[in-house]
Amino acid sequence: MKRTILNAGMILCGEQLTPLENGSLIIEDGIIREILPRKAREALSLEEVEEISLPHMTLMPGMIECHNHLCIDAALPEHLELLAWSNECQLTLLALKGLKEDLMSGVTTARCMGDKFYIDVTLKKLIEDKKVDGPRLLAAGIGMKGSHGAGHIGMPHCGAGEIRHTCRENLKKGADLLKLFITPGVPEPASTFVPSFLSLEEISTAVSEGARLGIPTAAHCIGGQGLKDCIDGGVDVIEHMYMAAEQDVERLAASRCVVDLTSGIFLDPSREEFLSPANALKVRLNRSRVRENVARIIKARLPFVLGTDAYHGFLYREVGYAVELGADPVTAIQGVTSRAARVCRLEDRIGKLENGMEADIIAVEGNPLEDVSRLSQVGLVMKGGVVYRQP
């Protein structure tokens, strides 16, 4: 039996991230067996134990990135346009780089929201077989957009029959979720109208195909008619929602949908230099209203999770934006821990530090409940009881 004990200045326990000061966390064969005060640990007599001392750090669950793309590196110039001509080998190299950056930043699970060439499905299996280091992956396979839809990551489809065919191919390959692209990603700055590129029938077809195998469906949707169709069609998670008007928030509140916020695309100025000049201008012109719209979602206390949309290594910034827009620190951190685990349907395995959970654990400097920017100062990364980064 492999046994590891982490001794830390603070441990954030359970779904509510309840602080335990000067605690010890005992891990056996990759599973959390006990969390107890340091004095109680010192009274135990344990043999063959590896102990790691982190007196000035806080232990918390490994972060869950809820909106990622392995084929995109948002820190590369004009990275969206790169998708139009990059081949499978080039995109795989990007993916391997991003996986390392995510894991070292404290992301132990990532929800991949559509990639080319089934790269996400392939790498998911290689990580499970311990042939590649990276976060635990949930793969969507090939994303589906309308034949007249926007963007380079989803593949064009026309009609429910084509949607059904790709859904079944994805499910056969081993996808964990299905991904639809309903609306553009960046709204027109001078307009409140949101185009929608898939019909209710097409959306419902994908939801039905997934549901018959217990697989959820997520939809890239910033608002408008597309949101109404997603809710009516049974979509589980709505991605982005940059154009969340009052009516949209009311619809979401009356539904069972969870919102996956990726606010940094608009709110993080450091991302502009990696966009084409035209896209960077549209982001700047939309920034203030995206801030207002996302704050509307948070103020309404809608359930949300967080993702970067391929800004690898910077998930902590999304937690900061959630707090900046009105969320309390516990709720914001739950968006990358316990609530994120529920969206991934892994809440019985990861997302909180409790007895019997898998040992996906990170240690950060100081107390992130007082200052969520501490999430950028990751010293220890453990996934499944294996240490990948240590102070």
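1. A salt bridge here is a side-chain nitrogen of Lys or Arg within 4 Å of a carboxyl oxygen of Asp or Glu. By that rule, three salt bridges cross the interface of domain 1 and domain 2. Arg-136 and Asp-360 form a salt bridge, with their closest N and O atoms 2.5 Å apart.

2. A word on the model before going on. It is a predicted one, where local features need pLDDT of at least 70 and side-chain atom pairs count only at pLDDT 80 or more, while totals for chains, interfaces and linings use all residues. Residues are numbered from 1 along each chain as its sequence is written, and side-chain values use heavy atoms, with hydrogens and water left out.

3. Now the layout. Domain 1 covers 1-59 + 351-387 and domain 2 covers 62-342, with bounds from an automatic or database domain assignment. Taken over C-alpha atoms, the centres of domain 1 and domain 2 are 30 Å apart. Domain 1 gives 17 residues to the contact and domain 2 gives 25 residues (contact means heavy atoms within 4.5 Å).

4. How much area do domain 1 and domain 2 bury between them? The figure is about 1,700 Å², 66% of it on carbon and sulfur atoms; buried area is the accessible area (1.4 Å probe) that two parts lose on being put together, summed over both. Within domain 1, the residues losing the most area to domain 2 are Val-372, Leu-375 and Lys-383, together 31% of what that side buries.

5. Lastly, the record. An unreviewed UniProt entry lists residues 58-386 as "domain: Amidohydrolase-related"; such annotations may be inferred rather than shown by experiment, and UniProt positions are given in the numbering used here, with feature names shortened.
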